[in-house]
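I opened my notebook to look up side-chain contacts, starting with charges and ending with rings. Here is what I wrote down.

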Amino acid sequence: MQSDDTTGSESVQGAEEPSGLRAIWANTLEPVAPLPWYRRVPRSAVIAGAVVVVLFTAVTVAAVTGFGAPTRHRIVLADRIGDQVRLPDDDSVLTLRADYERQMTALRPYRELTVAGYGAAGSTETTLTVIGLTGSFPDVRRELDKYFGTETQTAGAPSDDPVVVGRQDYPAGPLGGALDCAVIESPATSLATCAWADGNTVGIVVDETGAGKPGELARRTLDIRAAVEVEEKD
């Protein structure tokens with residue numbers, strides 16, 4: 001009876017004896033700590049987590065400091081552009097400004113408006129009209145279509161209303177965006193006009209002499225744009 005009890009006791013103890021890694025840890029004098037989390041997590045997951053942290057930090061810094069955001073511009077009409085000087089506002093400029101101001105509602109993307117007529121020094125005759133709009137314009141082609149319309153007509157087409165003739169895309173220059181020029185024809189006048197648009201500005205130049213050609217005005221418009229489109233300061 002005693003031997004049976006001894007045998008049973010040994011069997012139970014044997015069943016409870018640790019084996020494998022458990023046996024090694026059981027034989028150490030100090031308990032072995034569990035693996036740290038970064039050893040238990042797959043390496044790919046650690047890398048992915050680190051990338052997320054870096055991206056989140058970069059986005060946060062950019063949002064706070066504005067780092068990496070594109071440079072914003074606005075239009076400031078100068079007292080002189082090349083050989084042209086800014087003239088006192090006449091009835092035409094006042095009417096044009098009022099027309100655009102009526103469009104500057106809360107639902108429109110326009111934030112600032114400036115309109116001026118330019119002519120030779122000592123003259124009262126306007127040879128150039130310049131219109132500048134500052135705001136947010138993500139679709140530059142849409143802004144140009146607002147001015148020119150989405151369709152053009154051929155020269156000589158009968159109409160009592162002004163029509164756009166020969167609209168053409170031209171190089172927009174180092175400030176980017178888009179530049180289109182055309183002739184606006186009406187029964188009384190035929191005026192070359194150019195318009196540019198980028199993310200922040202829309203500018204329009206009209207040759208009031210009636211003698212200019214769109215290609216010539218396109219080159220002149222690039223010089224005017226370089227003079228009036230300035231970096232927006234915070």
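Is Arg 102 buried or exposed? I looked it up in this predicted model: Arg 102 is exposed, at a relative accessible area of 59%. Its salt-bridge partner is Asp 99, with N to O at 2.3 Å. I noted Asp 99 as partly exposed, because its relative accessibility is 32%.

Next I turned to Arg 225. I found a salt bridge to Asp 198, where the closest N and O atoms are 2.7 Å apart. Arg 225 sits in helix H7 (residues 214–228), while Asp 198 belongs to the loop between strand E8 (190–197) and strand E9 (201–207), so this pair ties together parts that are 27 residues apart in sequence. I then checked burial: Arg 225 is buried, with a relative accessible area of 3%, and Asp 198 counts as buried at 8%.

Arg 225 also forms a salt bridge with Glu 229, and here the closest N and O atoms are 2.8 Å apart. Glu 229 is buried as well, with a relative accessible area of 6%.

I also followed shared partners. Salt bridges join Arg 141, Asp 145, Arg 167, Asp 169 and Asp 180 into one network. My search of the whole structure came to 13 salt bridges.

Last, the rings. How many aromatic pairs does a search of the whole structure find? I got 1. The ring centres of Tyr 147 and Phe 148 are 4.9 Å apart and their planes stand at 75°, so I logged the pair as edge-to-face. Tyr 147 counts as partly exposed at 28% relative accessibility, whereas Phe 148 counts as buried at 4%.

Key:
Residues are numbered from 1 along each chain as its sequence is written. This is a predicted model: local features need pLDDT of at least 70, side-chain atom pairs count only at pLDDT 80 or more; totals for chains, interfaces and linings use all residues. Side-chain values use heavy atoms; hydrogens and water are left out. Rings of Phe, Tyr and Trp (its six-membered ring) pair if their centres lie within 6.5 Å; planes under 30 degrees apart count as stacked, over 60 as edge-to-face and the rest as tilted. Buried means under 20% relative accessible area, exposed over 50%, partly exposed in between (1.4 Å probe, protein chains only). A salt bridge is a side-chain nitrogen of Lys or Arg within 4 Å of a carboxyl oxygen of Asp or Glu. Helices (H or I, at least four residues) and strands (E, at least two) are DSSP runs, numbered from the N terminus.
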